[in-house]
Amino acid sequence: MEKKVRRPLAIRSQRKPKGSGQERREEIIAAAKELFMTEGFAKVTTRAIAEKAGLSQTGVYLYFPAKEDILKAIGDETHDAMSAAFDRAAAKPGTSREIFRRLIHAYVDYGLSHPAEYHLTFTVGPDALTPIGKDFSRPLEAQEAGARSFMRFRDHLAKFAPTGLIGDFDPMFAAQMLWFVGHGAVSLLTTRSHFPWADRDALIAALEDVVMNGLAAKETKTPA
């Protein structure tokens with residue numbers, strides 16, 4: 001009787017079955033985001049990103065020629081999400097002061113709710129990517145994502161100029177000051193979590209009060 005030869009079981013591939021383009025792109029970004037945060041952007045390779053996403057390295061290259069392109073995509077998504085947060089804050093009903101507070105809070109809230117995305121966009125991105133020149137005289141639709149989010153913030157602030165809430169500051173100047181404030185708050189609260197901070201919500205609310213009251217109190221002094 002002829003012996004049956006037992007064949008070794010085929011090893012199943014770890015790679016994922018082919019999916020839709022958008023789904024694959026999101027998988028690559030998610031894998032890269034995790035690796036950039038745990039390993040550091042400089043140490044991560046496209047091969048490591050491919051393995052994490054369950055794809056071949058060539059599969060990653062179909063969507064992103066280099067890891068810098070993935071970092072830029074993360075930044076673009078972050079800025080688009082921030083623009084949407086500003087628009088939602090401004091669209092809700094309320095007094096001018098309430099809307100103004102929500103607008104400031106939207107920046108801080110996004111950063112604290114999405115620390116990885118914020119860090120990769122505002123801390124890693126500028127060092128790892130070629131700086132993009134900003135020309136705010138161009139229309140919004142002609143701008144890259146970073147400029148669009150800043151311009152949306154500035155344009156919403158400009159609506160408060162007649163109310164006196166931004167004092168006599170130019171909206172562009174006021175937007176830059178508030179961006180300073182928001183970035184400082186998010187950076188400290190997310191990177192210095194070991195510090196014995198007071199209640200976070202109370203700190204943020206007090207910061208918003210100080211900033212809003214300070215801006216409104218700024219008036220042009222008429223020379224004697």
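## Arg-101 and its partners

Arg-101 has a relative accessibility of 25% and counts as partly exposed, a class that lies between buried (under 20% relative accessible area) and exposed (over 50%), computed with a 1.4 Å probe on protein chains only. Arg-101 forms a salt bridge with Glu-208, and the closest N and O atoms are 2.9 Å apart. A salt bridge here is a side-chain nitrogen of Lys or Arg within 4 Å of a carboxyl oxygen of Asp or Glu. Arg-101 lies in helix 5 and Glu-208 in helix 9, so the pair ties together parts that are 107 residues apart in sequence. Helices are DSSP runs of H or I with at least four residues, numbered from the N terminus. Glu-208 counts as buried, at 5% relative accessibility. A network of salt bridges links Arg-101, Glu-208 and Asp-209.

## Basis of the values

This is a predicted model, in which local features need pLDDT of at least 70 and side-chain atom pairs count only at pLDDT 80 or more, while totals for chains, interfaces and linings use all residues. Residues are numbered from 1 along each chain as its sequence is written, and side-chain values use heavy atoms, with hydrogens and water left out.

## Other salt bridges

The structure holds eleven salt bridges. Side chains of opposite charge can pair when their charged atoms come close. One of the salt bridges joins Lys-33 and Glu-117, at 3.1 Å from N to O. Lys-33 belongs to helix 1 and Glu-117 to helix 6 (residues 115-128), so this pair ties together parts that are 84 residues apart in sequence. Both Lys-33 and Glu-117 are buried.

Glu-77 forms a salt bridge with Arg-25, with 3.6 Å between the closest N and O atoms. This pair also links distant parts of the chain, as Glu-77 is in helix 4 (residues 67-91) and Arg-25 in helix 1 (residues 21-39), 52 residues apart. Glu-77 is partly exposed, with a relative accessible area of 37%, and Arg-25 is partly exposed at 26%.

## The cavity

On a 1 Å grid over the protein atoms alone, a cavity is a set of points where a 1.4 Å probe fits but cannot get out, and lining residues have an atom within 4 Å of a point. Points are joined across faces, edges and corners, and a volume is the space filled by probe spheres set on them. The count comes to one cavity of 30 Å³ or more, and the largest cavity has a volume of about 40 Å³.

Ile-104, Val-108, Val-181, Ile-204, Leu-207 and Glu-208 line the largest cavity. Helix 9 (200-217) and helix 5 (96-113) each supply at least two residues of this lining, and helix 9 gives the most, with three.

## The pockets

A pocket is an open set of grid points with protein on both sides within 12 Å along at least five of seven lines. The largest pocket has a volume of about 600 Å³. Of its 23 lining residues, His-79, Thr-121, Pro-126, Lys-134 and Gly-146 are the closest to its centre. Helix 4, helix 6, helix 7 (145-158) and helix 8 (171-191) are the elements that give two or more residues to the lining.

The second largest pocket has a volume of about 180 Å³. Its lining residues include Arg-88, Lys-92, Arg-102, His-105 and Asp-109. Helix 4 and helix 5 each supply at least two residues of that lining, and helix 5 gives the most, with five.
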